[in-house]
Amino acid sequence: MQTMLDGRKSCRPRQNANSDYVLTGFITCRSCGGSMSGESSIGGRNNKRIRHYVCLNHSPKRGSTCATKAVNADYLETTVKLVL
C-alpha cells in the first residue's frame with residue numbers, strides 16, 4: 001500500500017511553482033523591508049487563479065508583523081516592464 005502511495009506522490013505536479021513569479025527575490029516590502037514572494041489563490045466570480053506578491057512578514061508563521069497587503073502580480077510586473 002505504501003509503495004502505491006509513494007508512486008502517486010511523484011506523479012503530482014507542483015502546485016506552487018515559482019516560475020510564474022519573475023520578481024520573487026528582487027522586490028522588497030516598502031513598510032518593513034522584508035522580501036516579497038509570489039502566491040496565488042482561487043477567487044472571483046469565475047473562480048479564476050489570482051496571482052499576487054505578498055510580504056513574507058505578513059504571514060502568521062512570521063508573527064504577522066507587517067501590515068502590507070498583497071499586490072496584484074500582473075499590475076506589478078507590467079509596471080516594472082514599463083519602467084525598464
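In the predicted model, the side chains of Thr68 and Ser31 make a polar contact at 3.0 Å (a pair of N or O atoms within 3.5 Å; within protein, one must be able to donate a hydrogen and the other to accept it, and residues adjacent in sequence count only if both atoms are side-chain atoms). Thr68 lies in the loop between strand 2 (48-55) and strand 3 (71-72), where strands are DSSP runs (E, at least two residues) numbered from the N terminus. Leaving aside residues up to four places away in sequence, Thr68 touches Cys29, Ser31 and His58 (contact: heavy atoms within 4.5 Å). Thr68 counts as buried, with 18% relative accessibility (buried, under 20% relative accessible area; exposed, over 50%; partly exposed in between; 1.4 Å probe, protein chains only). The C-alpha atom of Thr68 is 8.6 Å from that of Cys32, 36 residues apart along the chain.

The structure holds 0 disulfides, defined as pairs of cysteine sulfur atoms within 2.5 Å. The sulfur of Cys32 has its closest cysteine sulfur in Cys55, at 3.5 Å, which is too far for a bond. Cys32 is partly exposed at 36% relative accessible area, whereas Cys55 is buried at 1%.

The average pLDDT (the predictor's confidence in each residue, from 0 to 100) is 79 for the chain, and 76% of the residues score at least 70. Where pLDDT is low, the predicted coordinates should not be read in detail.

Residues are numbered from 1 along each chain as its sequence is written, and side-chain values use heavy atoms, with hydrogens and water left out. As the model is predicted, local features need pLDDT of at least 70 and side-chain atom pairs count only at pLDDT 80 or more, while totals for chains, interfaces and linings use all residues.

Methods:
Helices (H or I, at least four residues) and strands (E, at least two) are DSSP runs, numbered from the N terminus.
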